[in-house]
Amino acid sequence: MAVPRNRVSNARKNSRRAHHAQKPKNIVACPKCSVAKLPHAACSSCGHYKGRNLLGENEE
Ligand SMILES: [Zn+2]
């Protein structure tokens, strides 16, 4: 196993981690019930995705 030869300073460690911040998750509105949901996923409120209901509930 490789062993680091020198101690990484706090400044070098922190500047390396300066790029590690999380980006906010992309939120889209459900086209059926307009509740905020993640893209490419079924709506957690109505279960609707790609023109059909994945929960098996027909509420139309
Ligand atoms: Zn929905």
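This is a predicted model: local features need pLDDT of at least 70, side-chain atom pairs count only at pLDDT 80 or more; totals for chains, interfaces and linings use all residues.

Visitor: Which element has the highest mean pLDDT?
Guide: pLDDT is the predictor's confidence in each residue, from 0 to 100. Helices (H or I, at least four residues) and strands (E, at least two) are DSSP runs, numbered from the N terminus, and the protein has 1 helix and 4 strands. Its mean pLDDT is 87, with 93% of residues at 70 or more. Among the elements, strand 4 (residues 52-53) has the lowest mean, 74, and the highest, 97, belongs to helix 1 (residues 10-16).

Visitor: What is the radius of gyration of the protein?
Guide: The radius of gyration is taken over C-alpha atoms, and the globule rule is 2.2 Å times the number of residues to the power 0.38. The C-alpha atoms fill a box of roughly 65 × 25 × 15 Å along the principal axes. A compact globule of 60 residues would have a radius near 10 Å, but the protein has 22 Å.

Visitor: Which residues coordinate the zinc ion?
Guide: Donors are N, O and S atoms within 2.8 Å of the metal (3.2 Å for Na, K and Ca); water is not among the atoms, so sites may look incomplete. The donor residues are spaced C-x2-C-x9-C-x2-C in sequence. Each gives its SG atom, at 2.2 to 2.3 Å, and the residues are C30, C33, C43 and C46.

Visitor: What is the arrangement of the donor atoms around the zinc ion?
Guide: Four donors count as tetrahedral if all angles lie between 85 and 135 degrees. Here the 4 donor atoms subtend angles of 106 to 113°, so the arrangement is tetrahedral.

Visitor: Is C30 buried or exposed?
Guide: Buried means under 20% relative accessible area, exposed over 50%, and partly exposed in between (1.4 Å probe, protein chains only). C43 has 4% and is buried. C30 has 3% relative accessibility, so C30 counts as buried.

Visitor: Which residues does H48 touch, leaving out those up to four places away in sequence?
Guide: H48 is placed in strand 3. At 15% relative accessibility, H48 counts as buried. With residues up to four places away not counted, H48 touches K32, A42, C43 and N53.

Visitor: What is the phi of H40?
Guide: Most residues other than glycine have a negative phi. H40 is found in the loop between strand 2 and strand 3, and counts as exposed because its relative accessibility is 72%. H40 is not a glycine, yet its phi is positive, at about 60°.

Note on methods:
Residues are numbered from 1 along each chain as its sequence is written. Side-chain values use heavy atoms; hydrogens and water are left out. Four donors count as tetrahedral if all angles lie between 85 and 135 degrees; four count as square planar and six as octahedral if opposite donors are over 155 degrees apart and all others between 65 and 115; anything else is irregular. Contact means heavy atoms within 4.5 Å.
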